[in-house]
Structures are given as C-alpha cells and as structure tokens.
Amino acid sequence: MSIESFLQTLVFGLFVGGIYGIAAMGLALVFGVMKMLNIAHGELVMLGGYASFWAFSVLGMDPFVSLAIVIPALFIVGLVLDRTVYRHIVRLLGEEKIKNSLLVSFGLTLVLQNLAQWLFTADERAIQVAYAGEGLNLMGVTMPYTRLGSLLIALLVTLGLNYFLHHTYPGKAILATAEDFEAAELAGINIHRVYMMTFALGAALASIAGTFVTVTYGLSPSIGVIWTLKALIVIVLAGTGSILGAFPAGILLGVVEAISGAFIGATYREVIGLVIFLLVLILRPQGLFVGRN
Amino acid sequence: MQEMALTQITKISFHRWLVPAGIIILILLAIFIPRQVDKQNIWNLFFLICLHISLGQSWNILAGFAGQTSLGHAAFFGIGALVTRTLWFQGTPFALAFISGGVAAVIFAMLIGAPTFRLRGAYFAIGTLGVAEVLRITASQNLPLISTMSGPTIATYNLQARYYLALGLALATTGAAYTLLRSPRSLGILAVREDEEAAQATGVHVLRHKLLALSLSSFFAGLAGGVFAFQQISYYPSAPFSPLWTFDALLITFIGGLGTLAGPVIGAIFFVVVREQLAVNLVEFHQVIFGILFILIVLVFPGGLVEAWERLKKISIRKEKRNVNISK
C-alpha cells in the first residue's frame with residue numbers, strides 16, 4: 001500500500017469517525033444523565049436523515065443549511081418520546097431501569113423502523129448536492145466538501161456542547177443531575193425537566209448524525225440498528241459516563257475500521273468494531289478516555 | 001406471601017392432578033389435532049407455534065430465570081440454522097447436523113458470555129445485540145443470496161415430520177426449563193437474577209451460573225434454528241439472523257409471563273395465532289402493533305398473561321372465602 005492511499009484511507013476514516021462521534025455523543029448524553037440505554041437511538045439518526053432528505057428534495061435546501069430545521073424537528077420528536085415512553089422508565093432505579101430501557105427501546109426500534117418503512121417506503125435514498133464530487137486536494141489526498149463540512153460541524157457541535165454543559169446554568173444542571181440526581185433535586189433543580197431536555201438534546205444530536213449519514217452514504221428505514229451499534233461501541237471505547245469523550249473515541253473507531261478494512265477487506269469491517277468492543281471490555285472495562293474526575 | 005401459601009395448601013390436592021393431566025391432554029391434542037384435520041395450513045400453524053415455543057422458552061431460560069437480558073437471541077438461532085443446513089446439505093446425517101447446530105450456538109455464546117458477564121447486565125445485552133447484527137451483516141454479504149433444498153429432498157419433503165420434530169423440541173426445551181427449575185442449581189440461578197451481589201456474598205458462583213443458563217438457552221435456540229432450516233424449502237441464508245427473531249422471543253415471553261414455565265407456551269400460541277391474522281390484514285403494519293404491544297406490556301403489565309391469571313384466581317378465591325364467611 002502506497003503512502004498516498006494509506007493517507008487517503010486515514011482521512012476517510014477520520015471523516016467517518018466524526019459521524020460516529022456525533023452519533024455516539026447523543027447516546028452517551030442520555031446514558032450518562034438518565035442512566036438508561038436507548039437502543040432506538042439509531043432510529044432517531046434514521047429519522048433525522050429523513051428530515052434532511054425531505055428538506056432537500058421538497059424544499060430544495062442544502063443539507064447543511066437544513067440542519068436549522070432538522071435539529072428542532074428531532075428535538076420535538078425527542079420531547080414527545082420522552083413524555084410518552086421514557087418518562088415511565090426514568091423513574092425506576094438501578095439495574096431495573098437499564099433493563100427496562102433496553103427492552104422498551106428495543107420495541108421502539110421495531111415501531112419506528114416499520115413506521116418509517118410504511119411512510120417513506122423501503123427505497124434507498126440519498127442526497128446528491130451540486131458540489132458532491134468536488135473537494136480539496138492536498139498532497140494527492142482528496143477531501144470532498146460534504147465530508148469536510150460534516151467533520152467541521154461535528155467538531156463545532158462538540159465544542160458547543162462542551163461550552164453548554166460546563167459554562168451555562170442549564171448545562172450545569174444536566175451535569176449535576178448526572179452526578180447525583182437526589183442532591184440535584186435537593187439543590188432545587190427540576191430533574192424531570194432536565195431528563196426531558198437531555199433526551200430531546202440526545203435526539204437533536206442524533207439528527208445531526210442522520211443528516212451526515214444521508215449526505216455521505218444514503219438512507220433506508222433499516223439503517224438504525226447499525227448506528228445504534230456503532231454508537232454503543234464508541235461509548236464503550238470512551239468509557240460509560242464520558243459524554244464528550246465520545247468524539248475522540250468515534251474518530252478512533254472510524255480510523256481503526258478504515259485501516260483494518262483496507263487490509264482484511266471491507267466485508268469484515270463490521271466485525272472489527274465488535275472485536276474492539278469485546279477486547280476493551282476484557283482489558284479496560286472503564287473505557288479508554290475516562291479522565292480522573 | 002403468607003396468604004398465598006395458605007391458599008396453595010387448600011388447593012394443592014386439586015392442583016396435584018389437574019396440572020399434569022392438563023399438560024398430557026395438551027400434548028395429546030398437539031399430536032392428534034393436525035393429524036385429524038390434515039390440512040397444510042393447520043400443520044403449518046402448529047409448526048410455527050412449536051417453533052416459537054422453543055424460541056421463547058430458550059430466551060426465557062436466560063432472561064427470565066437468570067435475569068440476563070440478551071438482545072441477540074437471533075444470533076444463536078441463526079448459527080443453528082446455518083450450521084445445520086450447511087452440514088445437512090453436505091451429506092451429514094440430519095440428526096448429527098441438527099445437534100452440531102446447537103453446539104455451534106453454545107460455542108458462540110460462550111465467546112460473548114465469558115467477557116461480558118464479568119460486567120453488568122447491560123454490557124451483555126449490548127454484546128449480544130452487536131454479535132447478532134454483525135453476524136447478520138456478514139452473513140448477508142458473504143453467503144449465497146438464496147438457499148434451496150436439492151431436488152430429491154423436495155420430492156420427499158414431508159411437513160409432518162418437520163412438525164413432530166418442532167413439537168419434540170418445544171417439549172424438550174420446556175422440559176429442560178422445568179428440570180432446571182427443579183434442580184438445586186435453580187436456587188443459584190434465581191439468586192443471581194434477584195441480587196447478584198448478595199448471591200456472590202453468600203457463596204454463589206455468579207459467573208458459572210450465568211454461563212450455565214446461557215449455554216442451555218443458546219443450545220435450544222440453536223436447535224430451533226436447525227428446525228427452521230430443516231423446514232424452509234428455500235430462504236435467504238441471512239433471514240434466520242434477522243433481529244425480528246430476537247424480538248419475537250422477547251414478545252412471546254413477555255406476553256405469557258417472564259420467568260414462568262407456562263409463559264412462553266401461552267405467549268407463543270397467542271403470538272402466532274394473532275400474527276397470522278394481523279399479517280393477512282395489515283401486512284407490514286402489524287410489526288408496529290406488536291412493537292407498541294410489547295412496550296405496553298413491559299411498562300404497564302410486566303407479568304404477562306400468567307400473572308393476569310394468578311390475579312384472577314386470587315380474586316375468585318377471595319370471593320369464595322367471603323361467601324364462606326357469610327354462610328357461617
């Protein structure tokens with residue numbers, strides 16, 4: 001393998017990793033704060049993808065501009081799902097909460113996937129923007145604008161989320177609830193509102209990932225499970241409870257997948273993520289990116 | 001608890017013969033009804049019920065008894081189907097291929113179970129979900145698009161033989177679950193479900209019990225996959241890996257009653273009969289209804305039909321008592 005094609009693989013892994021990171025961050029946020037695992041997270045990615053697809057094909061909006069509609073739309077979907085379904089689970093405690101959230105969100109996966117199939121048909125969709133084929137060329141390495149834009153926005157969103165969580169009151173309320181919900185409630189935080197906002201925020205982050213997925217790969221109602229899985233692997237890599245660590249962990253997964261995929265063949269690329277997942281669980285169950293605090 | 005023990009004593013002489021007799025009648029009905037009616041769709045319906053009993057019961061052994069929620073049951077089912085069909089088509093005697101399917105599923109389950117069981121239940125759920133999905137993707141990319149039985153096999157195809165194999169497996173799976181519950185091992189397994197740390201503290205080898213439940217569960221799920229591979233004349237080799245098999249197992253167990261012996265049996269009958277109706281009328285939309293039903297059961301009525309029956313019985317017993325008091 002030449003240096004150039006190696007660099008090209010590396011760069012594409014970086015781009016894919018950015019999407020993994022942003023997809024995982026929403027799930028990590030919900031997991032870290034609400035202490036429940038939302039298997040239907042990938043379905044939210046899928047719905048976000050459809051939102052941007054329809055904004056593109058009906059309104060003619062550029063996918064990156066359509067984020068202005070897609071994010072609020074999925075935020076509302078998140079609010080609705082929290083009010084109707086997850087509100088009942090977040091009340092439970094400990095192991096039972098995790099277990100019920102797994103079961104219920106697994107059921108929700110089926111509901112959302114089949115609803116999407118019914119509403120949007122099982123056809124494969126994709127967004128073809130006018131500048132799809134264009135890109136930067138640095139030392140023989142191509143960087144398409146769509147992928148560059150995705151990575152850039154993913155990075156900005158991560159930084160924005162970091163600022164929001166650590167430097168604003170609503171964000172601090174979320175972190176406080178994540179740390180100790182009883183103490184947070186005693187301190188006057190309305191934790192149910194925090195939970196609601198957290199879930200909606202998670203859905204909004206999923207919608208960003210969904211937009212990138214639609215621009216980069218394509219879309220069908222059945223993509224959800226794959227993205228849930230990627231997000232889960234990234235969370236295990238980052239260490240459960242680490243929200244912003246999801247971004248570097250996502251990048252890492254993307255790069256490792258791309259490079260190993262180039263060596264052993266793309267058909268087994270999915271297996272690599274799982275092997276990494278099992279290895280991390282055996283060797284370093286606390287995750288790779290867990291800080292001292 | 002006290003109240004329940006008392007009512008059980010008064011009812012015990014009644015129950016002692018009622019339950020076994022009911023089970024024997026049910027088995028006899030399962031053997032003879034399709035033979036009497038002898039219609040293709042009845043054979044098929046009964047086959048599906050038995051297949052789903054094995055599927056649900058095998059999930060129940062792991063999730064209901066040992067408390068380990070697996071979201072990748074389809075992986076075991078799929079491996080069983082793949083191994084059985086491949087070996088069988090290559091000329092291995094069917095019985096041997098069938099058992100190999102179950103054993104292969106166990107081996108695979110151990111690969112996931114051993115690392116993830118050391119951690120909390122959620123990791124096991126994620127691990128199994130991941131394995132199932134990866135297997136499905138890898139299978140759909142690497143296996144031939146469609147797998148069809150050879151001409152001579154189709155010529156001698158006999159659905160009745162398939163049905164009786166499925167019935168045998170349903171009985172064996174439920175029998176294994178019953179034996180497990182009756183054995184001293186069940187105490188350890190149930191202790192792990194109720195409180196892992198307390199079980200560990202009282203000297204229960206938690207990992208060993210989890211692995212025991214997992215190996216039984218995956219073995220029977222693999223055999224169920226083998227039955228499916230034996231019955232389907234032609235199918236997509238990736239179909240048995242579909243997450244729908246996992247979902248069906250979950251739904252069946254929850255409809256009937258998680259952690260009960262009768263639950264998966266009742267759940268499977270209910271599920272298959274309703275699905276056959278819904279699938280005709282609603283086609284794809286019936287999955288949405290089942291999904292919503294599942295969520296509602298988990299949230300509102302986690303005990304399923306078995307618990308509903310217990311509650312009903314309690315109410316009737318209370319009424320009886322009240323009547324006795326009045327007459328005194």
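Helix α10 of chain A (residues 246–264) runs for 19 residues and spans 26 Å from first C-alpha to last, close to the 27 Å expected at 1.5 Å a residue (1.5 Å times one less than the number of residues). Helices here are DSSP runs of H or I, at least four residues, numbered from the N terminus. This is a predicted model, where local features need pLDDT of at least 70 and side-chain atom pairs count only at pLDDT 80 or more, while totals for chains, interfaces and linings use all residues. Residues are numbered from 1 along each chain as its sequence is written, with chains lettered from A and ligands numbered from 1 in the order written.

**More on α10(A)**
- Its buried residues (20 or more other C-beta atoms within 10 Å, C-beta atoms being placed from the backbone) include Phe247(A), Ile251(A), Leu252(A) and Glu257(A).
- Among the elements covering them are α1 (3–34) and α5 (145–167) of chain A.

**Ala206(A)**
- Ala206(A) sits in helix α8 (residues 191–216) of chain A.
- Ala206(A) is buried, with 36 other C-beta atoms within 10 Å.
- Its contacts (C-beta atoms within 7 Å, placed from the backbone) include Ala23(A), His41(A) and Leu74(A), leaving out residues up to four places away in sequence.
- The C-alpha atoms of Ala206(A) and Ala28(A) are 11 Å apart, though 178 residues separate the two along the chain.

Definitions and conventions: Helices (H or I, at least four residues) and strands (E, at least two) are DSSP runs, numbered from the N terminus. A residue is buried if 20 or more other C-beta atoms lie within 10 Å of its own, exposed if 12 or fewer, and partly exposed in between; C-beta atoms are placed from the backbone. Two residues are in contact if their C-beta atoms, placed from the backbone, lie within 7 Å.
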